[in-house]
Amino acid sequence: MATSGSIGLTSSTLEIITEALELIGVLGEGESPTTDQITSCQRTLNTMTKTWQADGLNLFAVQRNYLLLKKGQDVYDLSASTTDTYSSSLVQTSVVTAAVATDVILDLTEVSDTVSIGDKVSVQIDGSTMFETTVLTVNTTTPTLNITVNDQLPSDVSVDATVYITGANANRPMLILEAYNRQLDANDIPLKLLSRVDYYELSNKNTSGYVNQVYYDPQIGTGKLYVWPTTSTEMNYLVLLTQRTLEDFVSDTDEPDYPQEWFMPLATNLARFISPKYGIPQMDYARLMQQAREMYEMASGFDTEMGTSMYLMPDSWGNSRL
């Protein structure tokens, strides 16, 4: 017999809720949840999965984001509403035809299909300074690859000048797991992740140089990233590996922001949490709780990096604390 050849199994909020209600015997075969049941279960599903985020790293929720640096700036807002340049997409290209002050058209070596109207553009106008504007039009037809920007160039731009194009802002990260200062030649310098007390014990916050340490304060709504020292060149940018916030279950047709191996843990754990609402007997609840725990542990146990090693090293920074 031939296999299906299909690996694209999906689920929906309604299917997860239906499965959970069937597991506790509230729904029989072929029955559908009521509007009130969907509303109640969806609320529990959202609060349950938001709580799970605090249980540790989800590999499927690790996102690589980019933060462009500005001279003299020591704190950056990380959120979808930030005015800083913080995005999960970045295209690095360069100018092929010199432009003069007041020009709005840039001929580039590459214009990716991912570049869209409204994307942010950072153009090198001297050895260490970038000019920021946004994309007005895009031309990806060879041999002329160019973009039109919304603001006139403030000065001449030479051939081979670097251009960064970034997409929509990334959402506020829950955690920053790793951070790197990316040089123009694509070399990455690892940054030290500081605690709050370590950051505030640093001396002059206006020191300028290559960013080598960062402190992330998640806050609510907008995270704050503190850098030290402030950058001396806007040609470098930060690469941040973050644990992103998982998406909400808003509609009963929404697919979960989880991979396939989490579909059953979602249903069994939802069943566990809604059981008291429906007066499930203690013995049945204990059995369901054990099943839900096993499903969660199976999925979360798989959700770890394989083949990695743990390394111990001295605290060369001199900031160890008891």
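## Helix α4 and its neighbours

The buried residues of α4 pack against α1 (13-23), α2 (35-52) and α5 (282-302). Here contact means heavy atoms within 4.5 Å, and buried means under 20% relative accessible area, with exposed over 50% and partly exposed in between (1.4 Å probe, protein chains only). Helices (H or I, at least four residues) and strands (E, at least two) are DSSP runs, numbered from the N terminus. A word on the source: this is a predicted model, in which local features need pLDDT of at least 70 and side-chain atom pairs count only at pLDDT 80 or more, while totals for chains, interfaces and linings use all residues. Residues are numbered from 1 along each chain as its sequence is written, and side-chain values use heavy atoms, leaving out hydrogens and water.

Most of α4 is covered, with nine of its 12 residues buried. Those nine are F263, P265, L266, A267, T268, N269, L270, A271 and I274. The length of α4 (residues 263-274) fits too: at 1.5 Å a residue it should span 16 Å, and its end C-alpha atoms are 17 Å apart, which agrees. That expected span is 1.5 Å times one less than the number of residues.

## Two contrasting residues

Let's look at T268, which sits in helix α4. T268 counts as buried because its relative accessibility is 0%. Leaving aside residues up to four places away in sequence, T268 touches L23, L288, Q291, A292 and M295.

S4, in the segment before α1, is exposed, with a relative accessible area of 67%. From S4 to I176 there are 172 residues in sequence and 40 Å in space, C-alpha to C-alpha.

## The whole chain

Stepping back, the protein has five helices and 17 strands. Its radius of gyration is 25 Å, whereas a compact globule of 322 residues would have one near 20 Å; the radius is taken over C-alpha atoms, and the globule rule is 2.2 Å times the number of residues to the power 0.38. Along the principal axes, the C-alpha atoms fill a box of roughly 75 × 55 × 45 Å.

Of the 322 residues, 43% are buried. Among contacts between residues at least 6 apart in sequence, 68% join residues at least 24 apart.

## Surface and charge

The protein exposes about 17300 Å², and carbon and sulfur atoms supply 53% of that area, computed by the Shrake-Rupley method with a 1.4 Å probe. There are 18 positive and 40 negative charges, whose mean positions are 10 Å apart. Lys and Arg count as positive and Asp and Glu as negative, without His or the chain ends; each charge is placed at NZ of Lys, CZ of Arg, CG of Asp or CD of Glu.
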